[in-house]
Amino acid sequence: MGDHKEQPLRVGAAVRRRRRSLDLTLAVVAERSGLSVPFLSQIENDRARPSTSSLEKVADALRTTAVELLAAADPACSVDVVRAELTEQGPEPRSRSLVRGHHQMHASEFTGDHEAGREFQYRNDQLMYVADGAVEIEAEGRAYRLGRGDTLYLTGGVRHRWRATVADTRVVVVAVAEHIEAVRNRKR
């Protein structure tokens with residue numbers, strides 16, 4: 001009662017719309033992502049649910065983020081509850097969206113480690129909050145060490161990478177949505 005949707009999001013239509021808006025074929029997206037054409041077709045037709053890693057590869061190939069694809073997968077609503085998953089957490093890193101739909105901000109929770117070498121760059125501002133554990137973040141040529149309860153604010157456009165330095169680390173990332181024109185021309 002009171003929950004907007006209890007079903008997992010289906011990203012297929014969002015992937016297809018993004019691919020078509022860029023005038024790309026499945027073959028081009030497959031080449032860029034390292035995934036097969038049949039698998040991409042299954043994703044677009046909601047016959048397969050991509051893992052977080054696969055969704056990130058698709059998003060990179062489509063020059064967007066997994067968060068944006070997930071946001072485009074579900075219509076906006078004014079009140080939404082996203083329940084914590086009560087499944088046993090294994091050693092595998094995982095991420096989950098904390099906001100569903102097409103909203104002005106996005107929030108994701110990352111648990112465990114992830115691809116430490118992956119570089120991120122968001123169009124708009126973002127905030128990283130360490131809920132548990134510790135992380136090291138590299139941004140603008142400097143390294144920042146954050147522990148439980150620490151936050152790091154990044155202005156839109158700043159390239160950065162991060163990695164967990166403690167097992168069972170949980171990081172919450174909140175960002176202004178890509179479709180919001182919050183970026184001003186900044187002199188560097």
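For the lining classes used below, I count Ala, Val, Leu, Ile, Met, Phe, Trp, Tyr, Cys and Pro as nonpolar, Asp, Glu, Lys and Arg as charged, and the others, Gly among them, as polar. I also keep in mind that this is a predicted model.

Entry on the largest cavity. I looked for cavities of 30 Å³ or more and found that the structure holds two. In the largest cavity I noted about 100 Å³ of space. Its lining is made up of 14 residues, and those that lie nearest its centre are Thr-65, Val-67, His-106, Tyr-122 and Ala-175. I then asked which elements give two or more residues to this lining, and I wrote down α5 (66–72), β2 (105–111) and β9 (170–176). Sorted by class, the lining of the largest cavity comprises nine nonpolar, three polar and two charged residues.

Entry on the second largest cavity. Here I recorded a volume of about 40 Å³. The residues that line this cavity are Phe-110, Phe-120, Tyr-122, Gln-126, His-160, Trp-162 and Val-173, and by class I counted five nonpolar, two polar and no charged residues among them.

Entry on the surface. I looked up a nonpolar patch formed by Leu-127, Tyr-129 and Tyr-153, which together have about 290 Å² of accessible area. Of these residues I followed Tyr-129, which I placed in strand β4 (residues 126–132). Tyr-129 counts as partly exposed because its relative accessibility is 34%, and partly exposed covers the range between under 20% for buried and over 50% for exposed.

Methods
Residues numbered from 1 in each chain as written. Predicted model: local features only at pLDDT ≥ 70, side-chain atom pairs only at ≥ 80, totals over all residues. Heavy atoms only, no water. Patch = residues over 30% accessible without salt bridge, like charges linked within 9 Å, V, L, I, M, F, W, Y side chains within 5 Å. Areas by Shrake-Rupley, 256 points an atom, 1.4 Å probe, with all protein chains shown as cover. Salt bridge = Lys/Arg side-chain N within 4 Å of Asp/Glu carboxyl O. Helix = DSSP H or I, 4+ residues; strand = E, 2+ residues; numbered from the N terminus. Buried < 20%, exposed > 50% of the residue type's maximum accessible area, 1.4 Å probe, protein only. 1 Å grid on protein atoms, 1.4 Å probe; cavity = no way out; pocket = protein on both sides within 12 Å on 5 of 7 lines; lining within 4 Å. Points joined across faces, edges and corners; volume = space filled by probe spheres on them.
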